[in-house]
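Please walk through the strands and helices of this model. The sequence and structure come next.

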Amino acid sequence: MKNFQQIIKKFSQKPLLTAVILATSGVLLTACEQSEQAAEQGRLEELVIALDWVPNTNHTGLYVALDQGYLSKAGFDAKIVQPSEDSTSTLVANKRADFGVYFQPNMVKRLNKGEPITAVAAITQHSSAGLLSLATLGAKSPKDLQNKRYSTWEDPVDDAVVEQIVGAPLTKIPSESTDATTALRVGLFDYIMAYYSWDGIHAKIKGVDSNFFYLKDADPVFDYYAPLLIANSDELKKNPDKYKKALAAIKQGYLYAAKHPDQSADILVKYAPEINQELAKQSQRYISPQYLDEQGDWGKFDYARWDRFFQWVHKQGLSDTFVPQAGVSNDYLPQ
(Lines give C-alpha, C1' and ligand atoms only; values in the text may rest on other atoms or scores of the structure.)
Protein backbone atom coordinates (compact mmCIF):
# COMPACT_ATOMS: atom_id res chain seq x y z
CA MET A 1 0.00 0.00 0.00
CA LYS A 2 2.91 2.35 0.74
CA ASN A 3 4.37 1.80 -2.74
CA PHE A 4 1.02 2.55 -4.34
CA GLN A 5 0.80 5.87 -2.47
CA GLN A 6 4.26 6.80 -3.82
CA ILE A 7 3.10 6.04 -7.37
CA ILE A 8 0.13 8.36 -6.93
CA LYS A 9 2.43 11.17 -5.76
CA LYS A 10 4.82 10.64 -8.69
CA PHE A 11 2.16 10.85 -11.38
CA SER A 12 -0.11 13.42 -9.75
CA GLN A 13 1.71 16.19 -11.66
CA LYS A 14 0.65 14.71 -15.03
CA PRO A 15 -2.90 15.88 -15.78
CA LEU A 16 -3.72 13.13 -18.31
CA LEU A 17 -2.96 10.39 -15.76
CA THR A 18 -4.24 12.01 -12.60
CA ALA A 19 -7.95 11.46 -13.26
CA VAL A 20 -7.47 7.78 -14.00
CA ILE A 21 -5.27 7.22 -10.97
CA LEU A 22 -7.60 9.05 -8.60
CA ALA A 23 -10.62 7.21 -9.98
CA THR A 24 -9.07 3.82 -9.24
CA SER A 25 -7.05 4.66 -6.14
CA GLY A 26 -9.95 4.22 -3.72
CA VAL A 27 -10.73 0.75 -5.00
CA LEU A 28 -7.10 -0.34 -5.00
CA LEU A 29 -6.39 1.09 -1.56
CA THR A 30 -9.42 -0.76 -0.18
CA ALA A 31 -8.19 -3.94 -1.82
CA CYS A 32 -4.78 -3.44 -0.23
CA GLU A 33 -6.34 -2.93 3.19
CA GLN A 34 -8.52 -6.01 2.79
CA SER A 35 -5.50 -8.02 1.71
CA GLU A 36 -3.59 -6.90 4.79
CA GLN A 37 -6.55 -7.76 7.02
CA ALA A 38 -6.88 -11.16 5.41
CA ALA A 39 -3.19 -11.79 5.96
CA GLU A 40 -3.57 -10.79 9.58
CA GLN A 41 -6.57 -13.12 9.95
CA GLY A 42 -4.55 -15.89 8.40
CA ARG A 43 -2.10 -15.71 11.29
CA LEU A 44 -4.87 -16.22 13.86
CA GLU A 45 -5.89 -19.66 15.04
CA GLU A 46 -9.59 -20.46 15.08
CA LEU A 47 -11.09 -20.85 18.55
CA VAL A 48 -14.71 -21.89 19.04
CA ILE A 49 -16.44 -21.35 22.39
CA ALA A 50 -19.85 -22.97 22.81
CA LEU A 51 -22.32 -21.51 25.27
CA ASP A 52 -24.63 -23.72 27.31
CA TRP A 53 -27.85 -21.85 26.47
CA VAL A 54 -28.95 -18.29 25.71
CA PRO A 55 -26.36 -15.55 26.37
CA ASN A 56 -26.37 -14.26 29.94
CA THR A 57 -24.01 -12.89 32.58
CA ASN A 58 -22.35 -16.28 33.08
CA HIS A 59 -20.80 -15.56 29.69
CA THR A 60 -19.87 -11.89 30.05
CA GLY A 61 -16.14 -12.47 30.44
CA LEU A 62 -16.08 -14.39 27.16
CA TYR A 63 -17.68 -11.51 25.29
CA VAL A 64 -15.36 -9.02 27.00
CA ALA A 65 -12.32 -11.09 25.97
CA LEU A 66 -13.64 -11.03 22.40
CA ASP A 67 -14.62 -7.36 22.38
CA GLN A 68 -11.50 -6.00 24.05
CA GLY A 69 -9.20 -7.96 21.77
CA TYR A 70 -7.68 -10.15 24.48
CA LEU A 71 -8.28 -13.27 22.42
CA SER A 72 -7.04 -11.81 19.13
CA LYS A 73 -3.89 -10.49 20.83
CA ALA A 74 -3.30 -14.02 22.12
CA GLY A 75 -3.42 -15.24 18.51
CA PHE A 76 -7.02 -16.43 18.19
CA ASP A 77 -9.84 -15.77 15.77
CA ALA A 78 -12.51 -16.53 18.36
CA LYS A 79 -16.17 -17.33 17.77
CA ILE A 80 -18.83 -17.68 20.44
CA VAL A 81 -21.64 -19.99 19.36
CA GLN A 82 -24.99 -20.89 20.90
CA PRO A 83 -25.72 -24.62 20.53
CA SER A 84 -28.96 -26.52 20.87
CA GLU A 85 -30.06 -27.95 24.21
CA ASP A 86 -27.37 -29.87 26.13
CA SER A 87 -25.15 -30.28 23.09
CA THR A 88 -22.20 -28.32 24.47
CA SER A 89 -20.35 -31.34 25.82
CA THR A 90 -21.01 -33.22 22.57
CA LEU A 91 -19.43 -30.40 20.55
CA VAL A 92 -16.38 -30.37 22.83
CA ALA A 93 -16.07 -34.16 22.97
CA ASN A 94 -16.22 -34.34 19.16
CA LYS A 95 -13.65 -31.54 18.77
CA ARG A 96 -16.13 -29.18 17.12
CA ALA A 97 -15.67 -26.62 19.91
CA ASP A 98 -12.52 -25.82 21.86
CA PHE A 99 -14.32 -24.70 25.02
CA GLY A 100 -17.84 -25.12 26.30
CA VAL A 101 -19.80 -23.57 29.15
CA TYR A 102 -21.09 -26.39 31.32
CA PHE A 103 -21.97 -27.44 34.89
CA GLN A 104 -20.43 -29.92 37.31
CA PRO A 105 -23.66 -31.94 37.91
CA ASN A 106 -24.25 -32.34 34.18
CA MET A 107 -20.73 -33.68 33.71
CA VAL A 108 -21.62 -36.84 35.64
CA LYS A 109 -23.54 -38.63 32.90
CA ARG A 110 -20.96 -37.52 30.33
CA LEU A 111 -18.04 -38.84 32.36
CA ASN A 112 -19.98 -42.04 33.04
CA LYS A 113 -20.14 -42.52 29.27
CA GLY A 114 -16.41 -41.93 28.94
CA GLU A 115 -16.67 -38.64 27.07
CA PRO A 116 -13.24 -36.96 26.88
CA ILE A 117 -14.14 -33.71 28.66
CA THR A 118 -12.28 -31.89 31.42
CA ALA A 119 -13.33 -28.87 33.46
CA VAL A 120 -10.52 -26.34 33.07
CA ALA A 121 -11.87 -23.14 34.66
CA ALA A 122 -14.51 -22.18 37.20
CA ILE A 123 -16.51 -19.26 35.84
CA THR A 124 -17.97 -18.47 39.27
CA GLN A 125 -16.58 -19.58 42.60
CA HIS A 126 -19.95 -20.34 44.18
CA SER A 127 -23.22 -21.56 42.74
CA SER A 128 -26.33 -19.38 42.79
CA ALA A 129 -28.52 -22.37 41.91
CA GLY A 130 -31.73 -22.77 43.86
CA LEU A 131 -35.44 -23.45 43.73
CA LEU A 132 -37.65 -20.65 42.46
CA SER A 133 -41.39 -20.45 43.11
CA LEU A 134 -44.04 -17.75 43.25
CA ALA A 135 -44.68 -16.26 46.68
CA THR A 136 -48.36 -17.10 46.25
CA LEU A 137 -47.45 -20.78 46.49
CA GLY A 138 -46.72 -20.11 50.16
CA ALA A 139 -43.50 -22.13 50.52
CA LYS A 140 -41.44 -21.11 53.55
CA SER A 141 -38.77 -23.76 53.04
CA PRO A 142 -37.83 -26.31 50.35
CA LYS A 143 -39.79 -29.00 52.23
CA ASP A 144 -42.97 -27.02 51.55
CA LEU A 145 -42.47 -27.76 47.84
CA GLN A 146 -43.07 -31.48 48.35
CA ASN A 147 -45.88 -32.79 46.13
CA LYS A 148 -45.78 -29.58 44.10
CA ARG A 149 -45.09 -29.70 40.36
CA TYR A 150 -41.36 -29.53 39.63
CA SER A 151 -40.02 -28.42 36.25
CA THR A 152 -37.31 -30.87 35.22
CA TRP A 153 -35.01 -31.14 32.21
CA GLU A 154 -34.59 -34.76 33.27
CA ASP A 155 -30.97 -34.77 34.34
CA PRO A 156 -30.70 -37.57 36.94
CA VAL A 157 -28.17 -35.73 39.12
CA ASP A 158 -30.14 -32.48 39.22
CA ASP A 159 -33.30 -34.40 40.03
CA ALA A 160 -31.52 -36.29 42.83
CA VAL A 161 -30.33 -33.01 44.34
CA VAL A 162 -33.86 -31.57 44.30
CA GLU A 163 -35.30 -34.78 45.69
CA GLN A 164 -32.91 -34.72 48.65
CA ILE A 165 -33.79 -31.11 49.44
CA VAL A 166 -37.54 -31.26 48.83
CA GLY A 167 -38.29 -34.88 49.63
CA ALA A 168 -39.33 -37.87 47.57
CA PRO A 169 -41.11 -38.47 45.34
CA LEU A 170 -40.91 -35.52 42.96
CA THR A 171 -43.90 -34.57 40.87
CA LYS A 172 -42.01 -34.00 37.64
CA ILE A 173 -43.12 -31.81 34.75
CA PRO A 174 -40.63 -32.15 31.85
CA SER A 175 -40.16 -28.68 30.41
CA GLU A 176 -37.70 -26.09 29.16
CA SER A 177 -38.03 -22.36 29.61
CA THR A 178 -35.77 -19.39 28.94
CA ASP A 179 -38.07 -17.25 31.13
CA ALA A 180 -38.78 -19.09 34.37
CA THR A 181 -40.86 -16.27 35.86
CA THR A 182 -43.29 -16.19 32.96
CA ALA A 183 -43.58 -19.98 32.96
CA LEU A 184 -44.42 -19.92 36.68
CA ARG A 185 -47.00 -17.18 36.22
CA VAL A 186 -48.86 -19.04 33.49
CA GLY A 187 -48.91 -22.17 35.63
CA LEU A 188 -46.72 -24.53 33.62
CA PHE A 189 -45.27 -25.80 36.92
CA ASP A 190 -44.97 -24.76 40.58
CA TYR A 191 -41.21 -24.54 41.03
CA ILE A 192 -38.02 -24.83 39.04
CA MET A 193 -34.29 -25.15 39.61
CA ALA A 194 -32.91 -21.79 38.49
CA TYR A 195 -30.05 -19.38 39.13
CA TYR A 196 -30.61 -16.37 41.30
CA SER A 197 -28.01 -14.46 39.31
CA TRP A 198 -30.43 -14.43 36.37
CA ASP A 199 -33.93 -15.77 37.05
CA GLY A 200 -34.13 -14.57 40.64
CA ILE A 201 -33.16 -11.05 39.61
CA HIS A 202 -35.43 -11.22 36.57
CA ALA A 203 -38.42 -11.90 38.85
CA LYS A 204 -37.63 -8.79 40.88
CA ILE A 205 -37.31 -6.61 37.79
CA LYS A 206 -40.71 -7.85 36.62
CA GLY A 207 -42.18 -7.02 40.02
CA VAL A 208 -43.13 -10.64 40.67
CA ASP A 209 -43.08 -11.74 44.31
CA SER A 210 -41.16 -14.99 44.52
CA ASN A 211 -39.31 -17.27 46.91
CA PHE A 212 -35.82 -18.51 46.20
CA PHE A 213 -34.13 -21.29 48.16
CA TYR A 214 -30.40 -21.70 47.50
CA LEU A 215 -29.27 -25.33 47.16
CA LYS A 216 -26.07 -24.61 49.08
CA ASP A 217 -28.09 -23.34 52.06
CA ALA A 218 -29.85 -26.70 52.28
CA ASP A 219 -26.51 -28.56 52.19
CA PRO A 220 -23.00 -27.14 51.54
CA VAL A 221 -22.20 -30.18 49.38
CA PHE A 222 -24.47 -28.60 46.76
CA ASP A 223 -22.18 -25.58 46.41
CA TYR A 224 -20.84 -27.25 43.30
CA TYR A 225 -19.19 -25.54 40.34
CA ALA A 226 -21.77 -24.06 38.03
CA PRO A 227 -20.99 -22.69 35.54
CA LEU A 228 -17.54 -23.74 34.37
CA LEU A 229 -15.55 -24.19 31.16
CA ILE A 230 -14.83 -27.62 29.69
CA ALA A 231 -12.34 -28.64 27.00
CA ASN A 232 -11.52 -31.85 25.15
CA SER A 233 -9.25 -34.02 27.30
CA ASP A 234 -7.28 -35.39 24.37
CA GLU A 235 -6.74 -31.96 22.83
CA LEU A 236 -5.56 -30.59 26.16
CA LYS A 237 -2.78 -33.19 26.24
CA LYS A 238 -2.00 -32.74 22.56
CA ASN A 239 -1.73 -28.94 22.56
CA PRO A 240 -1.56 -27.61 26.15
CA ASP A 241 0.00 -24.29 25.16
CA LYS A 242 -2.99 -23.42 22.99
CA TYR A 243 -5.39 -23.85 25.90
CA LYS A 244 -3.14 -22.04 28.34
CA LYS A 245 -2.94 -19.02 26.02
CA ALA A 246 -6.68 -19.03 25.44
CA LEU A 247 -7.50 -19.31 29.14
CA ALA A 248 -5.11 -16.47 29.95
CA ALA A 249 -7.04 -14.26 27.51
CA ILE A 250 -10.42 -15.42 28.84
CA LYS A 251 -9.22 -14.75 32.38
CA GLN A 252 -8.49 -11.15 31.36
CA GLY A 253 -12.08 -10.88 30.21
CA TYR A 254 -13.49 -12.11 33.51
CA LEU A 255 -11.12 -9.96 35.59
CA TYR A 256 -12.29 -6.93 33.61
CA ALA A 257 -15.94 -7.94 34.12
CA ALA A 258 -15.33 -8.40 37.85
CA LYS A 259 -14.02 -4.84 38.15
CA HIS A 260 -16.28 -3.09 35.62
CA PRO A 261 -19.78 -4.58 35.90
CA ASP A 262 -21.71 -1.82 34.12
CA GLN A 263 -19.32 -1.52 31.19
CA SER A 264 -19.21 -5.31 30.89
CA ALA A 265 -23.01 -5.54 30.88
CA ASP A 266 -23.00 -3.07 27.97
CA ILE A 267 -20.59 -5.33 26.09
CA LEU A 268 -22.83 -8.36 26.72
CA VAL A 269 -25.88 -6.51 25.39
CA LYS A 270 -23.87 -5.33 22.40
CA TYR A 271 -23.34 -8.94 21.32
CA ALA A 272 -26.74 -10.16 22.51
CA PRO A 273 -29.12 -7.21 21.97
CA GLU A 274 -32.13 -9.38 22.73
CA ILE A 275 -31.21 -9.25 26.44
CA ASN A 276 -33.15 -6.88 28.68
CA GLN A 277 -30.59 -4.17 29.44
CA GLU A 278 -31.77 -3.59 33.01
CA LEU A 279 -31.60 -7.32 33.70
CA ALA A 280 -28.07 -7.42 32.31
CA LYS A 281 -27.01 -4.51 34.54
CA GLN A 282 -28.50 -5.83 37.76
CA SER A 283 -27.40 -9.39 37.12
CA GLN A 284 -23.88 -8.25 36.33
CA ARG A 285 -23.62 -6.23 39.53
CA TYR A 286 -24.63 -9.36 41.46
CA ILE A 287 -22.42 -11.86 39.65
CA SER A 288 -19.24 -9.85 39.05
CA PRO A 289 -17.90 -10.46 42.60
CA GLN A 290 -18.78 -14.15 42.22
CA TYR A 291 -16.20 -14.57 39.45
CA LEU A 292 -13.30 -14.21 41.88
CA ASP A 293 -12.07 -16.27 44.80
CA GLU A 294 -11.02 -14.90 48.18
CA GLN A 295 -7.59 -14.01 46.76
CA GLY A 296 -9.11 -12.06 43.88
CA ASP A 297 -8.17 -14.76 41.37
CA TRP A 298 -10.33 -16.28 38.64
CA GLY A 299 -10.82 -19.80 37.40
CA LYS A 300 -9.30 -22.06 40.05
CA PHE A 301 -11.11 -25.09 41.40
CA ASP A 302 -11.02 -26.23 45.01
CA TYR A 303 -10.43 -29.93 44.42
CA ALA A 304 -11.78 -30.86 47.86
CA ARG A 305 -15.11 -29.16 47.12
CA TRP A 306 -15.21 -30.76 43.68
CA ASP A 307 -14.64 -34.20 45.18
CA ARG A 308 -17.24 -33.75 47.95
CA PHE A 309 -19.99 -33.31 45.42
CA PHE A 310 -18.87 -36.25 43.28
CA GLN A 311 -18.63 -38.41 46.42
CA TRP A 312 -22.26 -37.54 47.14
CA VAL A 313 -23.17 -38.44 43.55
CA HIS A 314 -21.46 -41.83 43.94
CA LYS A 315 -23.28 -42.53 47.21
CA GLN A 316 -26.57 -41.93 45.41
CA GLY A 317 -25.68 -44.67 42.94
CA LEU A 318 -25.41 -42.19 40.04
CA SER A 319 -21.81 -43.07 39.17
CA ASP A 320 -20.09 -46.45 39.12
CA THR A 321 -16.90 -45.28 40.77
CA PHE A 322 -15.48 -42.33 42.63
CA VAL A 323 -12.06 -41.13 41.50
CA PRO A 324 -10.58 -38.04 43.22
CA GLN A 325 -10.26 -35.04 40.89
CA ALA A 326 -12.07 -36.83 38.09
CA GLY A 327 -12.78 -34.58 35.14
CA VAL A 328 -11.14 -31.43 36.51
CA SER A 329 -7.78 -29.68 36.24
CA ASN A 330 -6.22 -26.36 37.25
CA ASP A 331 -3.13 -27.11 35.16
CA TYR A 332 -4.12 -24.96 32.17
CA LEU A 333 -4.87 -21.78 34.09
CA PRO A 334 -2.30 -18.98 34.11
CA GLN A 335 -0.26 -18.90 37.31
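**Sheet and helices**

Strand β5 (residues 129-134) and strand β8 (residues 191-195) run antiparallel and are joined by five bridges. Helices (H or I, at least four residues) and strands (E, at least two) are DSSP runs, numbered from the N terminus. Within this pair, L131 has M193 of β8 as its bridge partner. This is a predicted model: local features need pLDDT of at least 70, side-chain atom pairs count only at pLDDT 80 or more, and totals for chains, interfaces and linings use all residues. Residues are numbered from 1 along each chain as its sequence is written, and side-chain values use heavy atoms, with hydrogens and water left out.

Now the whole sheet. Two strands pair if DSSP finds at least two bridges between them.

Axes are lines fitted to C-alpha atoms, for helices over the stretch in contact, and angles run from 0 to 180 degrees between N-to-C directions.

Turn to a helix pair. Helix α12 (residues 240-259) packs on helix α13 (residues 261-271) at about 125°, with the axes 6 Å apart. Contact (heavy atoms within 4.5 Å) involves Y256, A257, A258 and K259 of α12 and P261, Q263, S264 and I267 of α13.
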